[in-house]
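Okay, thanks for coming, everyone.

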Amino acid sequence: MGLDVRTLEAADLPEWLRAVNTGFLRAPTVSDEEVEVRRQEIDLSRTQGAYDAGRCVATFRSMPREVTVPGGALLDTDAITNVTVTATHRRRGLATRLMANDLRAAKEERGEALAILIAAEYPIYGRFGFGPATSYTEWFVEVPRAQLRPVPLPEGARIDLAEPAEVRKVGPEVHERFRRRTPGAINRTELWWQLETGEIRNPAQGWTEPMFAVYRDATGQATGLATYTVEEKWHGMYPECPLSVRGLIAATPEAEAALWRFLLSVDWVSTVKAGIRAPDDLLPDLLGDPRCAKVDTTADLMWVRVLDPKRALEARTYAPVPGALVLDIQDPLGHAAGRYRLEVAADGTAQAVPTTASPDLTLPVASLGALYLGNESVLRLAALGRLAEETPGAAILADALFRTPRRPWCPDIF
Ligand SMILES: CC(=O)SCCNC(=O)CCNC(=O)[C@H](O)C(C)(C)COP(=O)(O)OP(=O)(O)OC[C@H]1O[C@@H](n2cnc3c(N)ncnc32)[C@H](O)[C@@H]1OP(=O)(O)O
C-alpha cells in the first residue's frame, strides 16, 4: 500500500508518540518533557512505525520482560504495547504486519519463549495466537458494613508508612520476593519505581502523591507493600473518605492479610476500591461479611502467546502426578506449530519431546496460551470447542496437570 514500515531512530520519537496519542484518542500534541520521559522506557530497536508521506500512522513496540511461570521459573518474554493504527488507516492490515515483524524477531532473533500483552479490546489478538492467560477482579468494599474483626499483627511484625525514596529501595526487594511466588507476574524496571514514586513524572499523566505502607515480618524483612490514595470527603460532620488501592503486593499470606486489614481500618475511610487483584484474592474472605466486597469489574488481563513450546512447556512445573500427553499445537503463523510428548515426572517437572505419535489433545496455540499459566480449565476449553480431545480421558489428565492451586496474576498494566 506504499507505506514505509520501519524501526525507529531517535529523531522519530516525537512524531511516533504523537501517533500513539492519536491512536489512543488522546490529545495528539506531545511536549518535549514527555518525549524525554518516554525516551527512557522505549527501546528504539524494538519499536516500529508505519509512515504515510512522512506522517506516522501506526505504532508498535515491545519490551524484554520476565514472566513468572508455575513453579517459579522466570521466562524470557516479548511484552508488546503501544499498538495503534490511526483511524484513517485502520483495517488495511497494518497491525497484522507490525505484529508479524515483532513476533518473528522475538522468536528468531531474540529467542523469547513467549509474547504477552494486555488487550485493549478482547477480539483483537486471538487471531495472532494469543489467549487470555490471567484474569483480574476489582472489588469495592463498604467498610462500615464489612464487619472487619480486629486481628493483631503477628508477634514482632510491623507496618510503617514509607517515604518515596525508601519505597524505591524497599519496593523492588518486596516485588522480587512477591513475583517469584506469583505465576503471571512480570519484572519491574527501575524506571517503573521512579514513575510509581513520583521521582520521574510523565507530564501527560496526572500525578497524585500516594501513601506507601510497608509490612515487615518479625525478622525485619520487608515482605509487603501497599500503595494507596485517600480522598478527603465529608458529608456535613461525617467523614466519608474513599480509599483507592494502587497496588498491594506481598511475599507471604501474613503480609497480604495484614496490609488489607490495615487499609480497611484507616479512620475516616468509608469505602475501599481494591485495584487489580487476582480473582481468588484473599480480600473478600478477610471480612466478617464477604458480601460487602462487591465485584466492580472482572475481566481478562494479560494474554500469552507461546513462541517456543518446548522451552515454555519445560519451564513450568505441573501437578506432581506422573503422566504423559501428546499435544498437537496448531499455529497458522508457524512459530509454535508441532507435536510434543509432554512427560511429567513425579516431582512435577516435565520434558517436551518432539514426536510423531498420534495426539491426545489437538489445540490452537491461543488455547495453549490460555492454559499455560494455569488460569483456564482444559475441560471448559474442550466444551467451547477450543481444543479437541483425541484420546478419551486426555482432557481430565491435562486439566489435572496444567491447573494451578492459585490463579495466576499480573498486577501490572504495561
Ligand atoms: C497491546 C496493546 O497495545 S492494546 C491497544 C490496541 N489499540 C487500540 O485498541 C487502539 C484503537 N485501535 C487501533 O489502533 C486499531 O484498530 C488496531 C491496532 C486495534 C487494529 O489495527 P488495524 O490495522 O485496523 O488491524 P488489521 O487491519 O491488521 O486487522 C486485522 C484483523 O483484525 C480485525 N480487528 C482489528 N482490530 C479489531 C478490533 N478492535 N475488534 C475486532 N476485530 C479487529 C480486523 O477486522 C481484521 O480482520 P480480518 O483479517 O478478518 O479482516
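So, which strand gives the most to the shell around the ligand? That's strand 4, with six residues. Quick housekeeping before I go on. This is a predicted model, where local features need pLDDT of at least 70, side-chain atom pairs count only at pLDDT 80 or more, and totals for chains, interfaces and linings use all residues. Residues are numbered from 1 along each chain as its sequence is written.

Back to the ligand. A residue is near a molecule if its C-beta atom, placed from the backbone, lies within 6 Å of it. There are 23 residues around the ligand, and V83, A95, T96, A120 and P123 come nearest. Strand 4 (74–85), helix 3 (94–109) and strand 5 (114–118) each supply at least two residues of that shell. Helices (H or I, at least four residues) and strands (E, at least two) are DSSP runs, numbered from the N terminus. By class, the shell has twelve nonpolar, six polar and five charged residues. Nonpolar here is Ala, Val, Leu, Ile, Met, Phe, Trp, Tyr, Cys and Pro; charged is Asp, Glu, Lys and Arg; the others, Gly among them, are polar.

Now the record. UniProt, in an unreviewed entry, has a "binding site" feature at V83, T84, V85, R91, R92, G93, L94, A95 and T96. UniProt positions are in the numbering used here, feature names are shortened, and annotations may be inferred rather than shown by experiment.

Let's take two of those. V83 lies in strand 4 and touches F60 and A95, leaving out residues up to four places away in sequence. Contact means C-beta atoms, placed from the backbone, within 7 Å. R91 sits in the loop between strand 4 and helix 3. Buried or exposed? V83 counts as buried because it has 24 C-beta neighbours inside 10 Å, while R91 counts as exposed because it has 9. The cut-offs within 10 Å are 20 or more other C-beta atoms for buried, 12 or fewer for exposed, and partly exposed in between, with C-beta atoms placed from the backbone.

Last stop, C410, in the segment after helix 11 (394–402). C410 is buried, since 26 other C-beta atoms lie within 10 Å. Leaving out residues up to four places away in sequence, C410 touches T134, G184, A185, I186, L301 and M302. P203, by contrast, is 207 residues from C410 along the chain, with 26 Å between their C-alpha atoms.

That's me done.

Notes:
Contact = placed C-beta atoms within 7 Å.
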